[in-house]
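Reader: I am new to this structure. Please take one close look at the aromatic rings and how they pair.

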Amino acid sequence: MVINILIPIETSSRELLYKVFLCNLLAHAGFNCYLGSKSNIYHLAKHLKNYIYLDKGYHADVSEPLYEKIQENNGVIVNLDEEGAVDFSDNSTLKERYAPQLFDYTHTVFLWGIKQYELIKQNTGGAEKTIITGHPRFELLKPEFHYLYKQDVEKITQKHGSFILINTNMGFGNNIKGDDFVIENYGNRFKNIKNIVNFDKIKVNAFVKLIIELSSKVDKKIILRPHPEEDLNLYVDAFKGIDNIKVIYSGSVVPWLLAADQIIHPDCTTAIESSFLGKLPISYMPENYPKDIVTKIPLEVSIEFSKISQVIEYLTNNQRYPNDEHRRHQVLEDYFSHHQPTTQLIINKLKEIKINNTGEATQKNLWQQFLLLQLKESYNSLRRSNDYNFTMKKLQGFDHEKIEKIQNVLSENQGLKKCKLKKYNKCLFMFARTR
């Protein structure tokens, strides 16, 4: 029996490359992988039988109904969290995402690092279900995979030349859907959500001032890449008329990191990605910032500044600052399992999972569900609701052409025979081994 694996994708710029990579390797290992938007995958999960569901993360009172339906359908839940390391100083986010309830439902939980394992062992009884693997998104940042980004890096360099890249993460205080949406949607996950929203607004103002000041002091282009949930119009309006500032959000951040001369962020995950790529990031945070609502790990791998003048001096005078390289590497190892063969560990564990066929024919049901999904997709496209538009913005680049492009690069450089790729609708694809 060929086992189906259902894999949801939410943000293409962050997830697409590693999930296509993972799907290809899983297909070669004998699985059929369905990669689709959350709505597509959730729909399949509720109607198919006998599969593995690769979960993106647990949310209390939101995940349980889906988990229960998956178990009812003889599905196996495996957790590979998208937010499995970067957290506030009290670890409140990780404690929520790795709550005891998660382990009541899951077969296996893939952890990013030893520090997360220690936290789970201390706070829950689920440590025996975990395996420390790292995360494929970070594994693909290692030098042996840089070929994946070569074409995009060359295009960026040709178009923009020498530039400073600034990444922001103010998706709570500058959300495209507004403050009310953030408070309503995230209030149950973050008890201090209003404080986070307010501080995000302070960070937005601080970065606007920083970027405007930099634009007149450095002889380089400045490219701002906001978080995918941020309202780009705020920045476009703020920098109107300043020729050497560009607000750009397209594709994965990794080629931009590789192409940039310097990288600046507040407390953003891109600092971790920069460190994996061998680049030393700069963190700029307002003076006397509230440490309880700032993610600590990105700061630990960065040079930290709290004044605009310090950032400018560092960039313009080639100032040397103490850089504890050993400490940075230790952080990457402790929280991200830097030296682990991540993807292969995950595949090996998935191959061990046994699913007893319940005896029900699923192929007929499968085709019925694809028909329903196509109709649902067409209906949502015609309605063009705000939620649909928001979802499609985050899924920009998740299409057949982009997936095939990634597969071609993998085939050329990894020596992998291209697996079968089938499109079922705009946001649902299946990867299978070529017979």
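**Aromatic rings up close**

Author: Start with Phe172: its relative accessibility is 17%, so Phe172 counts as buried (under 20% relative accessible area; exposed is over 50%, partly exposed in between; 1.4 Å probe, protein chains only). This is a predicted model, where local features need pLDDT of at least 70, side-chain atom pairs count only at pLDDT 80 or more, and totals for chains, interfaces and linings use all residues. Residues are numbered from 1 along each chain as its sequence is written, and side-chain values use heavy atoms, with hydrogens and water left out.

Phe190 is buried too, at 13%. Ring pairs link Phe172 and Phe190 with Phe88, Phe181 and Tyr186 into a cluster. Rings of Phe, Tyr and Trp (its six-membered ring) pair if their centres lie within 6.5 Å; planes under 30 degrees apart are stacked, over 60 edge-to-face, the rest tilted.

The whole structure holds 19 aromatic pairs. One of them joins Tyr34 and Tyr424: tilted, 6.2 Å centre to centre, 40° between the planes. Tyr34 lies in strand S2 (residues 32-37) and Tyr424 in strand S13 (residues 420-425), so this pair ties together parts 390 residues apart in sequence. Helices (H or I, at least four residues) and strands (E, at least two) are DSSP runs, numbered from the N terminus. Tyr34 is buried at 3%. Tyr424 is buried at 8%.

Back to Phe172 and Phe190. Their centres are 5.5 Å apart and their planes at 65°, so the pair is edge-to-face. Phe172 sits in the loop between strand S7 (163-167) and helix H9 (179-186), Phe190 in the loop between H9 and helix H10 (193-217), so the pair ties together parts 18 residues apart in sequence.
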